[in-house]
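Colleague: I would like to learn how to read salt bridges in a model. Please take me through them.

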Amino acid sequence: MKIHPTAIVDPKAELASDVVVGPYSIIKGKVTIGEGTVIESHVNIGYEHGVVEIGKNNHLFQSSLIGGPPQDLGYSNEETKLVIGDNNIVREFATLNLGTTKDRGVTSIGNNNLLMAYVHIGHDVTVCNRTVITSCSSNCWSRIN
């Protein structure tokens with residue numbers, strides 16, 4: 001593991017032995033990160049009331065927010081999830097939120113996806129495999145093929 005000295009990693013987080021965590025990134029709560037994943041600077045992963053599972057060989061770019069609380073007025077800190085598969089690229093300032101108990105409680109990202117800068121993936125969305133979502137897009141649907 002290569003964790004920059006300015007990064008903060010919660011003791012509850014489980015990181016594979018070769019994960020790279022860049023400067024000023026914060027990993028908090030119940031987070032699992034698979035091998036080969038690179039986390040650039042200023043990335044915020046996790047939330048004290050959620051579970052974030054990140055697969056292998058993902059690349060999370062600067063200032064993305066991964067597994068933050070859903071933007072839903074009914075959310076009351078229930079423990080929900082964000083699950084990210086393998087080989088995904090998440091570019092700068094993207095936001096991927098936890099699920100809600102109004103739905104299935106899980107937001108999921110498949111494998112081999114490119115989420116460009118400023119993409120917002122809201123609660124309870126499913127992004128399938130090999131999907132490209134262009135910059136500044138936000139979802140208003142529940143399944144992206």
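Colleague: Is K81 buried, exposed or partly exposed?

Modeller: First, the ground rules. This is a predicted model, where local features need pLDDT of at least 70, side-chain atom pairs count only at pLDDT 80 or more, and totals for chains, interfaces and linings use all residues. Residues are numbered from 1 along each chain as its sequence is written, and side-chain values use heavy atoms, with hydrogens and water left out. Buried means under 20% relative accessible area, exposed over 50%, partly exposed in between (1.4 Å probe, protein chains only). K81 has a relative accessible area of 28%, so K81 is partly exposed.

Colleague: Which residue does K81 meet in a salt bridge?

Modeller: A salt bridge needs a side-chain nitrogen of Lys or Arg within 4 Å of a carboxyl oxygen of Asp or Glu. K81 pairs with E53, at 3.0 Å from N to O. E53 sits in strand β9 and K81 in strand β12, 28 residues apart. Strands (E, at least two residues) and helices (H or I, at least four) are DSSP runs, numbered from the N terminus.

Colleague: How many salt bridges are there?

Modeller: The count is four. Among them is K30 with E79, at 2.8 Å from N to O. K30 is in strand β6 and E79 in the loop between β11 and β12, so this pair ties together parts 49 residues apart in sequence.

Colleague: Is D72 buried or exposed?

Modeller: D72 is buried, at 15% relative accessibility. Its salt-bridge partner K102, with closest N and O atoms 2.9 Å apart, is exposed at 63%.
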